[in-house]
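Let's walk through this fold together, one feature at a time. Have the coordinates open as we go.

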Amino acid sequence: MADDNEQASAPSLNILAQYTKDLSFENPGAPRSLQSRDKAPAINISVNVNANPLSENDFDVVLSLSAEAREDDKIVFAAELVYGGVFRVTGFPQEHMLPLLFIECPRLLFPFARQIISDVTRNGGFPPLMIDPIDFGQMFSQRMAEEQTKSQVQPLNS
């Protein structure tokens, strides 16, 4: 049986709140855009994650999703969502904080953000857009590699 000191220092991640910070949906060609089409529009999805400390143990993690459907040069629809969560993180070693905030926290937020995008596209008159699962670990690794490359590039002094 664990003593009180071990339980007090046990790593803990709690979601204190989840919220929609910004939501936008555009259907510029309505009602014509709702007519049946011969082929599906090309859909481009972008994802970004940011985290900011609110206190020593509380962090605001924000997941930004953007989806744009195009047919040739015309926008069929555009959806943008900024979805956040306030997380309390205690007992984790410092070296685990960035992966926790940029991989685990957005992984917990993603299903809720995905549902909002699905609902808003369906409510806009289109089939619900079901965004494929996102590999936040790979996204984090890529971001860290980019940051490392930027820090190694020396500005030219003229």
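**Reading the fold**

Q: Across which strands does helix 2 lie?
A: Helix 2 (residues 97-123) lies across strand 1, strand 2, strand 3 (58-71) and strand 4, and runs at about 140 degrees to strand 4. Helices (H or I, at least four residues) and strands (E, at least two) are DSSP runs, numbered from the N terminus. Axes are lines fitted to C-alpha atoms, for helices over the stretch in contact (heavy atoms within 4.5 Å), and angles run from 0 to 180 degrees between N-to-C directions. Helix 3 (residues 136-152) also packs on the sheet, touching strand 2 and strand 3, at about 70 degrees to the direction of strand 2.

Before we go on, this is a predicted model: local features need pLDDT of at least 70, side-chain atom pairs count only at pLDDT 80 or more, and totals for chains, interfaces and linings use all residues. Residues are numbered from 1 along each chain as its sequence is written, and side-chain values use heavy atoms, leaving out hydrogens and water.

Q: What is the order of the strands in the sheet?
A: Strands of a sheet pair through backbone hydrogen bonds, either parallel or antiparallel. Here four strands form an open sheet in the order 1-4-3-2, with antiparallel pairing; two strands pair if DSSP finds at least two bridges between them. Strand 1 (12-26) and strand 2 (42-53) are at the edges with a single partner strand each, so one side of each has no neighbour in the sheet. On average, neighbouring strands are turned by 15 degrees against each other, direction ignored.

Q: How many bridges join strand 1 to strand 4?
A: There are 13 bridges between strand 1 and the antiparallel strand 4 (residues 74-90). To find your place, look for I15, which stands opposite F87 in strand 4.

Q: Where does helix 2 have a kink?
A: Helix 2 kinks by about 40 degrees at F110, shortly before the proline P111. The bend at a residue is the angle between axes fitted to the seven residues ending there and the seven starting there. After helix 2 comes G125, with a positive phi near 100 degrees.

Q: Which peptide bond is cis?
A: Most residues other than glycine have a negative phi, and most peptide bonds are trans. The bond from A30 to P31 is cis, with omega near 5 degrees, and P31 sits in the loop between strand 1 and strand 2.

Q: What is the phi of D72?
A: D72 has a positive phi near 60 degrees, though this residue is not glycine. D72 belongs to the loop between strand 3 and strand 4.
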